[in-house]
Amino acid sequence: MLTVYGCPNTRSTRVVWALEEAGADYEYVRIDLRAGAGWKPEYLALNSGGKVPTLVDNGFVLTESAAICTYIGDRFPESKLTPPVGSRERASYNRWCYFALSELEQPLWTIAKHQFALPKQRRVPAVLDTARWEFAVAATILADGLGSHDFIIDQSFSAADIVIGHTLAWARVYELPLERDNLRAYDARLRERPALARAKQRERAETNLKD
Ligand SMILES: N[C@@H](CCC(=O)N[C@@H](CS)C(=O)NCC(=O)O)C(=O)O
């Protein structure tokens, strides 16, 4: 049995989205981050950073949202969420997952940290403008890579689109505009995935980790 530990409106949506795309049967356990559930000893035993998401597959524990999405794609090959290992498509897939985490997401995380996540005395408002600019630069690279394709790896939807799509949704929350038409269309295409709607519904519906 697969169990995903998550919290609505966090990176765990990537994992639940991937599970829904794969048609997987899974259990969802909500970790109420605001209530401090991430710091309960039984959760820290799974994820020593107290963060979501975490996936447990018959005793195998995996953290890091993009690694989990890739694992789900490989575990459910019929979902075609991940290109075959060793292929050029897989190399491109890795490239865009790493890009999403290291280039596209980081400015958003910087904004989050310096707006609310860090202790007040650690926040530096002056970095916000630079972070917005860094996001715009990364979005241009993404738009160039996407070109006229529907999805980031040629024309087929993959878990890389999940990681990127979730990150673009995050940018929308911060009202960061997507300047390029192809990127806006891609963002809209990803937002319309029925599996994403099911994932959000599932995360909203599930109850908290029991005391
Ligand atoms: N690189 C990790 C980041 C995980 C992460 O930072 N999750 C946030 C929610 S989106 C979290 O659990 N924060 C709680 C905390 O830092 O205490 C991933 O992609 O899974």
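Reply: Asparagine 9 sits in the loop between β1 and α1; helices (H or I, at least four residues) and strands (E, at least two) are DSSP runs, numbered from the N terminus. Residue numbers start from 1 along each chain as its sequence is written. The model is predicted, so local features need pLDDT of at least 70, side-chain atom pairs count only at pLDDT 80 or more, and totals for chains, interfaces and linings use all residues. Phi of asparagine 9 is near 60°, a positive value in a residue other than glycine. Asparagine 9 has 14 other C-beta atoms within 10 Å and is therefore partly exposed. By definition, a residue is buried if 20 or more other C-beta atoms lie within 10 Å of its own, exposed if 12 or fewer, and partly exposed in between, with C-beta atoms placed from the backbone.

Strand β1 covers residues 2–6, and four of its five residues are buried. This strand runs parallel to β2 (residues 26–30), and five bridges join the two; strands pair if DSSP finds at least two bridges between them. Valine 4 stands opposite tyrosine 28 in β2. From β1 the chain passes through helix α1 (residues 12–22) to β2, a β-α-β crossover that is right-handed. Right-handed means that, with the strands pointing away from the viewer, the path from the first strand over the helix to the second runs clockwise.

Strand β1 also pairs with β3 (residues 54–57), in the antiparallel sense and over four bridges. Here threonine 3 has valine 56 in β3 as its bridge partner.

Proline 53 is found in the loop between α2 (41–44) and β3, and the peptide bond from valine 52 to proline 53 is cis, with omega near 5°. Asparagine 58 lies in the loop between β3 and β4 (60–63). Its phi is positive, about 45°, although asparagine 58 is not a glycine. With 7 C-beta neighbours inside 10 Å, asparagine 58 counts as exposed.

Next comes the ligand. The residues around the ligand are Thr10, Arg11, Leu33, Gly38, Gly50, Lys51, Val52, Pro53, Glu64 and Ser65, where a residue is near a molecule or strand if its C-beta atom, placed from the backbone, lies within 6 Å of it. This shell has three nonpolar, four polar and three charged residues. Ala, Val, Leu, Ile, Met, Phe, Trp, Tyr, Cys and Pro count as nonpolar, Asp, Glu, Lys and Arg as charged, and the others, Gly among them, as polar.

In α7 (residues 181–191), Leu183, Tyr186 and Leu190 are buried. They cover an arc of only 60° around the axis, which puts them on the same side of α7; the arc is that of the directions from the helix axis to the C-beta atoms. The face of α7 turned away from its buried side carries the exposed residues Asp181 and Ala188. In α8, Leu196, Ala199 and Glu203 are buried. These also cover an arc of only 60° around the axis and so lie on the same side of α8. Pro194, Gln201, Arg204 and Ala205 are exposed on the other side of α8.
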